[in-house]
Amino acid sequence: MLVPLSSQVQRRLQNQHLQTGFPGTSVPGPGRGDRRPGQPSRATPHDIATMQLCANKLDKKDFFGKSDPFLVFYRSNEDGTFTICHKTEVVKNTLNPVWQPFSIPVRVLCNGDYDRTVKIDVYDWDRDGSHDFIGEFTTSYRELSKAQNQFTVYEVLNPRKKCKKKKYVNSGTVTLLSFSVDSEFTFVDYIKGGTQLNFTVAIDFTASNGNPLQPTSLHYMSPYQLSAYAMALKAVGEIIQDYDSDKLFPAYGFGAKLPPEGRISHQFPLNNNDEDPNCVGIEGVLESYFQSLRTVQLYGPTYFAPVINLVARAAAKISDGSQYYVLLIITDGVISDMTQTKEAIVSASSLPMSIIIVGVGPAMFEAMEELDGDDVRVSSRGRYAERDIVQVDLTRERKSWSQKFVPFRDYVDRSGNQVLSMARLAKDVLAEIPEQLLSYMRTRDIQPRPPPPANPRPTPAPEHP
């Protein structure tokens with residue numbers, strides 16, 4: 001049964017923008033439903049385009065193989081510059097790739113101007129980031145929309161090759177296989193309709209964090225300030241709890257030895273209650289976290305898969321759009337079960353859930369890039385993730401839509417202002433949750449439910465003379 005939203009959240013949804021750290025979730029205007037543009041003029045604010053492309057006979061760039069192609073879409077600006085607005089997944093070792101369908105808001109693609117130039121670059125992916133340029137072509141939203149009735153083929157041209165080689169024809173072709181436009185529901189629509197965000201926390205209790213009794217420990221419980229773990233938890237949790245009506249949050253630890261027998265666990269409840277791991281509010285999570293630090297022994301190794309699978313099992317039980325799960329993992333180091341974690345992510349990519357990973361401490365987190373699904377879709381045993389639910393964000397540049405990795409040190413204010421540090425972290429970590437939720441709803445064709453009617457005020461009794 002859906003529980004009505006709190007009055008606090010209802011008031012926030014009456015504003016044009018949410019003030020809780022979910023940017024870009026404006027309250028939509030009226031008028032929805034499928035719309036297929038025949039002769040488009042201007043895009044409405046919530047139109048979303050879905051398209052699929054393939055390529056043929058692209059240039060070979062890899063010495064020992066073929067190419068690993070991907071596309072980068074750019075929207076033209078009024079000053080003649082271009083802004084990246086989308087990047088496809090990489091299709092490995094082929095000159096004839098077929099990319100998966102993807103959706104993009106029309107306002108992002110062309111700012112509502114159907115004749116605005118859209119430039120598309122074709123690259124060969126390299127692991128070190130020095131991607132090789134294959135070629136480019138330009139189009140517009142108006143031209144793309146013609147693919148509703150026919151395939152549209154574009155020549156991929158490399159200007160440098162064209163200047164150097166007299167017999168140069170092209171560097172391959174890209175074909176637009178399909179294109180459609182629908183009116184897009186917003187994050188606010190689903191929240192108003194009763195969709196609940198279920199927030200779960202998983203905290204790293206491995207020995208690499210240091211003795212919690214020592215000031216050098218990342219878990220040190222100082223009487224004067226919060227630890228990095230507590231700051232990250234408080235920053236994210238205090239915002240997201242407003243979207244969970246019962247304010248009950250499952251909270252787990254991993255990588256610790258538990259009393260009394262010293263069993264190593266990678267998903268122990270912080271409140272020491274296996275039957276009911278829920279904590280009441282973020283303050284309850286913090287209290288249970290501090291209590292666990294006093295009772296368990298920090299150990300190892302660092303395993304993510306058990307807690308991801310735990311939340312995935314809960315998410316798998318509800319697929320009607322009424323619930324969406326957000327798992328926050330806070331860790332200090334490189335994971336030890338990469339293979340199992342990839343398998344867990346691939347399985348979870350079809351479920352209503354997102355994963356946020358916050359890295360604390362001075363460790364080098366580059367190994368997390370293996371989980372980055374922007375360039376190469378995460379795969380396990382030949383099976384690819386249904387949705388891109390992985391992001392490694394080492395430069396604070398926003399890359400994708402479903403899983404974020406954020407090193408906490410990037411958000412620590414130089415002046416030591418903890419409130420400012422927490423606000424910065426929460427804003428960036430939660431910025432993409434709305435789009436993550438929407439991407440799931442779109443793939444399942446789930447529409448928001450009508451908002452529940454407001455409780456009418458009781459009719460006052462007539463006054464007796």
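Two strands count as paired if DSSP finds at least two bridges between them, and the strands themselves are DSSP runs of E, at least two residues long, numbered from the N terminus like the helices (H or I, at least four residues). By that rule, β5 (residues 117–124) and β6 run antiparallel and are joined by eight bridges. Within this pair, Tyr123 sits opposite Phe133 of β6.

A word on the model: it is predicted, with local features needing pLDDT of at least 70 and side-chain atom pairs counting only at pLDDT 80 or more, while totals for chains, interfaces and linings use all residues. Numbering starts from 1 along each chain as its sequence is written, and side-chain values use heavy atoms, leaving out hydrogens and water.

Back to the sheet: it's open, four-stranded and antiparallel, in the order β3-β2-β5-β6. β3 and β6 are the edge strands with a single partner each, so one side of each has no neighbour in the sheet.

| Edge strand | Residues |
|---|---|
| β3 | 82–87 |
| β6 | 132–140 |

Now for helix α6 (residues 228–240). Twelve of its 13 residues are buried, so the rest of the structure largely encloses α6; buried means under 20% relative accessible area, exposed over 50% and partly exposed in between (1.4 Å probe, protein chains only). Among the buried ones are Tyr229, Met231 and Lys234.

Thr94 lies in the loop between β3 and β4 (102–105), and counts as buried at 15% relative accessibility. A polar atom of the Thr94 side chain is 3.0 Å from the backbone nitrogen of Asn96. Leaving aside residues up to four places away in sequence, Thr94 touches Lys66, Ser67 and Pro69 (contact means heavy atoms within 4.5 Å).

Conventions
A polar contact is a pair of N or O atoms within 3.5 Å; within protein, one must be able to donate a hydrogen and the other to accept it, and residues adjacent in sequence count only if both atoms are side-chain atoms.
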